[in-house]
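Please read these notes with the structure open beside you. They are meant for someone seeing it for the first time.

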Amino acid sequence: MYNILIVDDEKIERNGIVFLMKRMGITLEISEAANGLAALDILKKQKIDILLTDVKMPFMDGIELIRNAVTLTQNMKIIIFSGYNEFEYAKLAVKLGVSDYILKPVDPQEFDHTMKSVIKELDSMRIADEKKNESSEYMTEYLLYSLISGTDPKHVHVQCERL
């Protein structure tokens, strides 16, 4: 299961997102924050897979939150949902690697599509990581077996490159 952090200074907006996810059958571990500073504290304490943030908030806006978040967490997917259809925000979002920019009021179909797409990307990344770990474990076992059995380490290196 993935962890999502929903950040918006309006509780009704956060509740609406949670309601949409439940209605669409999207099961995630949900954390909430009312502003960027509170969200940053959460990001420092727990692993978040999806950051869903508003742009305009007190204390720290969504753009500054994203700038800080990408330095803390690798492979986190970021979605902006905002009532501001401003080109500058969208341009910044692209530079910061944001997965999508959804306008408020949130369209349920667009939200569903975005969430499923992001979850699919996370699933693919998780599978790739698992395969990489399995391959690494296999190579370690192969190297150890080859060294214990007296096989020439140069031969082991050549064999490893072929795998």
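The points below go from the overall fold to single residues.

1. Basis. This is a predicted model, in which local features need pLDDT of at least 70 and side-chain atom pairs count only at pLDDT 80 or more, while totals for chains, interfaces and linings use all residues. Residues are numbered from 1 along each chain as its sequence is written, and side-chain values use heavy atoms, with hydrogens and water left out.

2. Elements. The protein has 6 helices and 5 strands. Both are DSSP runs numbered from the N terminus, helices being H or I of at least four residues and strands E of at least two. From the N terminus on, the order is β-α-β-α-β-α-β-α-β-α-α. Of the 163 residues, 39% are buried (buried means under 20% relative accessible area, with a 1.4 Å probe and protein chains only). Among contacts between residues at least 6 apart in sequence, 63% join residues at least 24 apart; a contact means heavy atoms within 4.5 Å.

3. In which order do the 5 strands of the open sheet lie? The order is 2-1-3-4-5, and the pairing is parallel. Strand 2 (29-33) and strand 5 (100-103) are the edge strands, each pairing on one side only. From one strand to the next the twist averages 20 degrees. Two strands count as paired if DSSP finds at least two bridges between them.

4. Strand 3 and its partners. Strand 3 (residues 50-53) pairs in the parallel sense with strand 4 (residues 77-82) over 4 bridges. In strand 4, Lys77 is the bridge partner of Ile50, and Ile80 is that of Thr53. Strand 1 also runs parallel to strand 3, joined to it by 4 bridges; Ile6 has Leu52 as its bridge partner in strand 3. In a regular strand the side chains alternate between the two faces of the sheet. In strand 3, Ile50 and Leu52 point one way, Leu51 and Thr53 point the other way, and all are buried.

5. Helix 3. Helix 3 (residues 62-72) packs on the sheet and touches strand 1 (3-7), strand 3 and strand 4. The direction of helix 3 makes about 165 degrees with that of strand 3 (axes are lines fitted to C-alpha atoms, for helices over the stretch in contact, and angles run from 0 to 180 degrees between N-to-C directions). Gly62, Ile63, Leu65, Ile66 and Ala69 are buried in helix 3. Seen down the helix axis, the buried residues fall within an arc of 150 degrees, so they line one face of helix 3; the arc is that of the directions from the helix axis to the C-beta atoms. At the start of helix 3, a side-chain oxygen of Asp61 comes to within 3.2 Å of the backbone nitrogen of Ile63.

6. Cores. A nonpolar core is a set of buried Ala, Val, Leu, Ile, Met, Phe, Trp, Tyr and Cys residues joined through side-chain atoms within 4.5 Å. The largest has 23 residues, and those with the most contacts inside it are Leu5, Val7, Leu43, Leu51, Leu65, Met76 and Ile80. Strand 1, helix 2, helix 3, strand 4 and helix 4 (87-95) each supply at least two residues of this core. Apart from it lies another core, of 21 residues, among them Leu20, Phe81, Val106 and Phe111. Not counting residues up to four places away in sequence, Met76 touches Leu43, Ile48, Asp49, Ile50, Leu51 and Ala69.

7. Asn35. Is Asn35 buried or exposed? Asn35 is buried, with a relative accessible area of 12%, and sits in the loop between strand 2 and helix 2 (36-45). A polar atom of the Asn35 side chain lies 3.0 Å from the backbone nitrogen of Leu37, and one lies 2.8 Å from the backbone nitrogen of Ala38. Leaving aside neighbours within four places in sequence, Asn35 is in contact with Val7, Met57, Pro58, Phe59 and Met60.

8. Asn3. Asn3 belongs to strand 1 and is buried, with a relative accessible area of 19%. Asn3 touches Glu29, Lys47, Ile48, Asp49 and Ile50, not counting residues up to four places away in sequence. The C-alpha atoms of Asn3 and Gln46 are separated by 9.0 Å, although the two are 43 residues apart along the chain.

Note on methods:
Buried < 20%, exposed > 50% of the residue type's maximum accessible area, 1.4 Å probe, protein only. Polar contact = N/O pair within 3.5 Å; in protein donor to acceptor, adjacent residues only side chain to side chain.
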